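Biologist: I would like to go through this chain with you and ask what stands behind each label. Could you show it to me?

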Amino acid sequence: MNGTESALIDQHTNAAEQNTELGKDEIYHLLQNERRRKVLEYLRDREGPVQMRDIAEQVAAWEHDTTVQALMSDQRQRVYIALYQAHLPKLDEEGVIDYNQSRGIVEKTPLANELAAHLELPDDDDDETDVESERPWGAYYLSVSGLSTLFIGASGLGLFGFGSIPHLLVALAVMSVYTALTFWQVLDNFETGDEE
């Protein structure tokens, strides 16, 4: 190894050591691309160096919702080229991975774990709480629609004494029920923090 190569290696090592944490903007920028997120997802559970080819194949399989074995050659190649030319060099430049482009070797750094933490999904316990507190609004509206249809039909056909009720009164009753149901849903969403 000559002096120039040694200096370049030291410069890269020093830059990686200085870049021990990422700012919010860098995190958002790096995670805005789905392929970079998939690379981090792949590296999350792996220790030590991995082949860039293996990463590209798995990312391509995820993108095409298939297995690595079922991938077409062009599907592999499109992902491989994008990772090789853009995404892995960008992650390497930010100190998230060590990427030896000539050998096709990738190894995550501690910054990769920091970024991967932003990919974590919320706890399942939170989801269960939300499901329990949600009301079946669709079922409520469907029930009211069914009852309204029966009420309007009975009124129009004069069945069961509904023929003597003026149509305007039937329309006002149906509108009132829908208004009350909608008002109830809005209040419920406001109380639970859902602002849909």
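Here is a conversation about the terms used for this structure and the values behind them.

Modeller: Happy to! One thing to say at the start is that this is a predicted model.

Biologist: Thanks. What makes up the chain, in terms of helices and strands?

Modeller: The chain has 9 helices and 3 strands. Read from the N terminus, the order is α-α-α-β-α-α-β-β-α-α-α-α. Of its 196 residues, 27% are buried. The chain exposes about 13300 Å², and carbon and sulfur atoms supply 54% of that area.

Biologist: How do residues 24 or more positions apart figure in the contacts?

Modeller: Among contacts with a separation of 6 or more, such residues account for 56%.

Biologist: Let's turn to helix 3 and helix 4. How do their axes meet?

Modeller: Helix 3 covers residues 34-44 and helix 4 covers residues 52-63; their axes come within 10 Å and cross at roughly 115 degrees. The contact is made by R35, K38, V39, E41, Y42 and L43 on the helix 3 side, and by D54, I55, Q58, V59, W62 and E63 on the helix 4 side. As for its hand, the crossing is right-handed.

Biologist: Why is the pair E63 and R35 called a salt bridge?

Modeller: The rule asks for a side-chain nitrogen of Lys or Arg within 4 Å of a carboxyl oxygen of Asp or Glu. For E63 and R35 the N to O distance is 2.6 Å, so the pair meets the rule.

Biologist: What makes R53 and D54 a salt bridge?

Modeller: Their closest N and O atoms are 3.8 Å apart, and the limit is 4 Å, so the pair qualifies. R53 is partly exposed at 45%, and D54 is partly exposed at 28%.

Biologist: And how do you know that K90 and E93 form one?

Modeller: The closest N and O atoms of K90 and E93 are 3.9 Å apart, which is within 4 Å, so this pair is counted as well. Both residues lie in helix 5, 3 residues apart, about one turn of the helix. Salt bridges with shared partners join K90, E93 and E94 into one network. By this rule, the count comes to 7 salt bridges.

Biologist: Why is E93 called exposed?

Modeller: Its relative accessibility is 60%, and exposed means over 50%, so the label follows.

Biologist: What sets D65 apart in its backbone?

Modeller: The phi of D65 is near 50 degrees, a positive value in a residue other than glycine. Most residues other than glycine have a negative phi. D65 sits in the loop between helix 4 and helix 5. With a relative accessible area of 72%, D65 is exposed.

Biologist: One last question: which residues make the nonpolar surface patch, and how can I81 belong to it?

Modeller: Y80, I81 and Y84 make the patch, which is about 250 Å². I81 is placed in helix 5, residues 73-93. I81 has a relative accessible area of 35% and is partly exposed; patch residues need over 30%, so that value passes.

Definitions and conventions. Residues are numbered from 1 along each chain as its sequence is written. This is a predicted model: local features need pLDDT of at least 70, side-chain atom pairs count only at pLDDT 80 or more; totals for chains, interfaces and linings use all residues. Side-chain values use heavy atoms; hydrogens and water are left out. Patches are made of residues with over 30% relative accessible area and no salt bridge: like charges are joined within 9 Å, nonpolar side chains (Val, Leu, Ile, Met, Phe, Trp, Tyr) within 5 Å. Accessible areas come from the Shrake-Rupley method with a 1.4 Å probe; for residues, only the protein chains shown count as cover. Helices (H or I, at least four residues) and strands (E, at least two) are DSSP runs, numbered from the N terminus. Buried means under 20% relative accessible area, exposed over 50%, partly exposed in between (1.4 Å probe, protein chains only). Contact means heavy atoms within 4.5 Å. Axes are lines fitted to C-alpha atoms, for helices over the stretch in contact, and angles run from 0 to 180 degrees between N-to-C directions. A crossing is left-handed if the near helix is turned anticlockwise from the far one by less than a right angle, and right-handed if clockwise.
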